[in-house]
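Here is my note on the model, point by point. Please read it with the structure open.

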Amino acid sequence: IVPILRMREIRSMSSEERRRRLNDLRAELVRLRTMVKAGGSLENPSRIRELRRTIARILTEENEERRRKK
């Protein structure tokens, strides 16, 4: 399973870019979860897990950056 975004890529983004990407990933996650709830089958079920992990990576980097600024 190849990560959607690697930590190195996330760190090189601006805070605004990260926020935009986070919104896109969350929207995709909601869409996929809705499809599953509706009884549809996904062509790539591991995508949900990878989205969750990538969202967590972005949030982790945001929190670390906030701590560094204090």
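1. Is Glu62 buried or exposed? Glu62 is buried, at a relative accessible area of 12%. Buried means under 20% relative accessible area, exposed over 50%, and partly exposed in between, with a 1.4 Å probe and protein chains only.

2. A caution on the source. This is a predicted model: local features need pLDDT of at least 70, side-chain atom pairs count only at pLDDT 80 or more, and totals for chains, interfaces and linings use all residues. Side-chain values use heavy atoms, leaving out hydrogens and water, and residues are numbered from 1 along each chain as its sequence is written.

3. Partners of Glu62. The side chains of Glu62 and Arg18 are joined by a polar contact of 2.7 Å. Leaving aside neighbours within four places in sequence, Glu62 is in contact (heavy atoms within 4.5 Å) with Ser15, Arg18 and Arg19.

4. The helix around it. Glu62 is found in helix H3. Other buried residues of H3 include Ile48, Leu51, Thr54, Ile55 and Ile58. Helix H1 (7-12) and helix H2 (15-37) are among what covers the buried residues of H3.

5. The nonpolar side. The largest nonpolar core has 13 residues, of which Leu5, Leu25, Leu51 and Ile58 touch the most other members. H2 and H3 each supply at least two residues of this core. Leu25 touches Ile4, Leu51, Thr54, Ile55 and Ile58, not counting residues up to four places away in sequence.

Conventions
Helix = DSSP H or I, 4+ residues; strand = E, 2+ residues; numbered from the N terminus. Polar contact = N/O pair within 3.5 Å; in protein donor to acceptor, adjacent residues only side chain to side chain. Core = buried A, V, L, I, M, F, W, Y, C linked by side-chain atoms within 4.5 Å.
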